[in-house]
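Reader: Could you take me through this structure, one kind of feature at a time? I would like to learn how to read each of them.

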Amino acid sequence: MFKRLITILALLVTFAVNAQHSRSLSPSIRTTQMVLNGEWGTLPVMQLGSDDVLLFSFDEMSHVYHRYTWRIVHCNADWEPSDALEIDYLDGFNDTVIEEWENSVNTNLLYTHYEFTIPNEDVSLKLSGNYRVEVFDDEEDGESPVVIFEFSVVEPLAALEAWVSGDTDISFNDGQQQVSFAARYPSFVSSPASELKAVVYQNGRRDNAVAGIAPTYVTGNKVEYVHNEKLIFDAGNEYRRFEIADPNAPGEGVEDVVFDGSMYNAVLYMDRPRVSHSNYRDENGRFFINTFEGRGTEIETDYVYVHFALDAPQRAGGDYYLLGDFCGNGFTPYCRLDYDAEDGYYFTSLPLKMGLYNYCYAWVPADGGKVELSPAEGNFYNTENEYAIYLYYRGFGDRYDRLIGVYTLK
């Protein structure tokens with residue numbers, strides 16, 4: 001155990017760009033979160049013209065104040081900036097200063113918690129679609145974002161229904177799941193096959209998201225997407241989980257907690273590749289910040305170095321990565337595992353805020369091929385996954401994609 005602690009604490013943490021819902025682009029920023037209407041685990045999707053409020057937050061790992069500003073960018077279905085003008089999608093002003101911040105209290109690792117909401121008294125949104133919020137540090141170059149949040153605004157004009165089955169067009173109760181869905185669209189849609197765009201996400205991941213789907217049937221004002229092999233997903237397995245709410249008592253999935261004189265280190269039980277479906281309940285990759293110490297507030301929750309280990313033989317041609325919301329559902333060096341050739345296991349260590357975490361191990365080929373969960377997690381048709389379907393509309397001559405329907409199913 002202590003060999004793992006000594007080796008891992010010496011690692012440098014680095015970051016890289018990836019296209020996920022929220023991510024840090026700075027080694028000094030941790031725990032990026034979006035919470036809709038105070039409801040943990042809800043998709044970051046606001047309804048246009050409603051009273052929905054989205055809270056954005058992150059921690060900067062010092063007690064030194066940084067003057068952060070944020071800018072809103074309207075995006076198309078592919079999360080790239082649209083051609084919509086700022087005056088068209090924004091009521092108010094961009095380049096807003098984050099004024100809500102607090103230093104951590106009674107924590108071994110010092111940090112400052114920053115947060116802001118959209119909408120607020122200075123800004124609101126006028127169009128549906130995807131949005132990106134870029135946060136800048138004015139005390140650095142002020143030109144490159146240090147945090148990126150991505151969320152959506154829907155105008156619910158289409159009625160969606162969806163279902164998922166382990167009986168797919170390529171297998172029967174094997175290791176895949178097939179998503180099918182239908183949508184009743186509004187009367188102003190004149191050419192549904194060309195004007196509607198559907199995107200399907202599994203557990204919030206972007207690496208295996210499915211887009212460019214042609215409808216199977218169009219009848220009346222209804223489109224159906226069924227028996228489409230593009231909508232067959234590897235089923236994976238339930239997420240692994242651990243909880244650290246009290247540093248003095250190992251929680252679920254934690255073998256031991258050690259204080260090294262400056263901060264706590266939580267050593268998780270050694271993980272092994274799974275050969276059967278797990279019956280553990282999970283939160284589909286999410287994490288929840290919580291502690292039994294203090295009052296459990298954002299500024300009283302300490303950080304702990306969490307030590308992961310996967311007892312698996314070394315594989316060539318790629319790397320294992322941790323996968324989950326706390327890693328931005330992406331594959332950055334921050335969440336890549338190293339291999340201990342002497343003792344024969346993969347390992348990494350991350351400073352994480354105390355709470356409940358879901359994670360799994362993904363194999364990422366070096367040649368950019370398909371990401372696989374099967375080497376460490378297996379694929380089982382009866383895995384409980386969460387699918388989100390986003391339906392966009394762009395009429396002839398329009399400059400951007402409108403989001404007219406969102407549907408989630410498990």
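Predicted model: local features only at pLDDT ≥ 70, side-chain atom pairs only at ≥ 80, totals over all residues.

Reader: Which residue forms a salt bridge with Glu 283?

Author: The general idea comes first: side chains of opposite charge can pair when their charged atoms come close. Here the partner of Glu 283 is Arg 281, with 3.5 Å between the closest N and O atoms. Arg 281 has 60% relative accessibility and therefore counts as exposed.

Reader: How many salt bridges does the whole structure hold?

Author: A search finds 26. One of them joins Asp 234 to Lys 370, whose closest N and O atoms are 2.8 Å apart. This pair links distant parts of the chain, 136 residues apart: Asp 234 belongs to strand S18 (residues 232-234), and Lys 370 to the loop between strand S27 (355-365) and helix H4 (374-377). Asp 234 is partly exposed at 27% relative accessible area, while Lys 370 is exposed at 56%.

Reader: Which residues are linked in a network of salt bridges?

Author: The network is made up of Arg 23, Arg 132, Glu 134, Glu 150 and Arg 206. Within it, Glu 134 and Arg 132 form a salt bridge with their closest N and O atoms 3.5 Å apart, and both of these residues are buried.

Reader: Let us turn to the rings. How many aromatic pairs are there?

Author: There are 32 aromatic pairs. To read one, look at the distance between ring centres and the angle between the planes. Trp 70 and Phe 116 are stacked, at 4.8 Å centre to centre and 10° between the planes. Trp 70 sits in strand S5 (residues 68-75) and Phe 116 in strand S9 (residues 112-118), so the pair ties together parts that lie 46 residues apart in sequence. A second pair is tilted, because the planes of Phe 259 and Tyr 264 stand at 55° with the ring centres 4.8 Å apart. In that pair Phe 259 is partly exposed, at 40% relative accessible area, whereas Tyr 264 counts as buried at 18%.

Reader: Now the sheets. In what order do the strands of the open sheet with S28 run?

Author: The order is S15-S28-S29, three strands with antiparallel pairing. Strand S15 (196-202) and strand S29 (402-409) are at the edges with a single partner each, so one side of each has no neighbour in the sheet. From one strand to the next, the twist averages 15°. S28 (residues 387-393) is joined to S29 by 7 bridges, and Tyr 393 has Arg 402 in S29 as its bridge partner.

Reader: What is the pairing in the open sheet of 5 strands?

Author: The pairing is mixed, and the order is S20-S21-S23-S26-S25. Its edge strands, S20 (254-259) and S25 (338-340), each pair on one side only. S25 pairs with strand S26 (residues 345-353) in the antiparallel sense over 3 bridges, and Asp 340 has Tyr 345 in S26 as its bridge partner.

Note on methods
Residues numbered from 1 in each chain as written. Heavy atoms only, no water. Pairing = 2+ DSSP bridges. Helix = DSSP H or I, 4+ residues; strand = E, 2+ residues; numbered from the N terminus. Axes fitted to C-alpha atoms, helices over the stretch in contact; angles between N-to-C directions. Phe/Tyr/Trp six-rings, centres within 6.5 Å; stacked < 30°, edge-to-face > 60°. Buried < 20%, exposed > 50% of the residue type's maximum accessible area, 1.4 Å probe, protein only. Salt bridge = Lys/Arg side-chain N within 4 Å of Asp/Glu carboxyl O.
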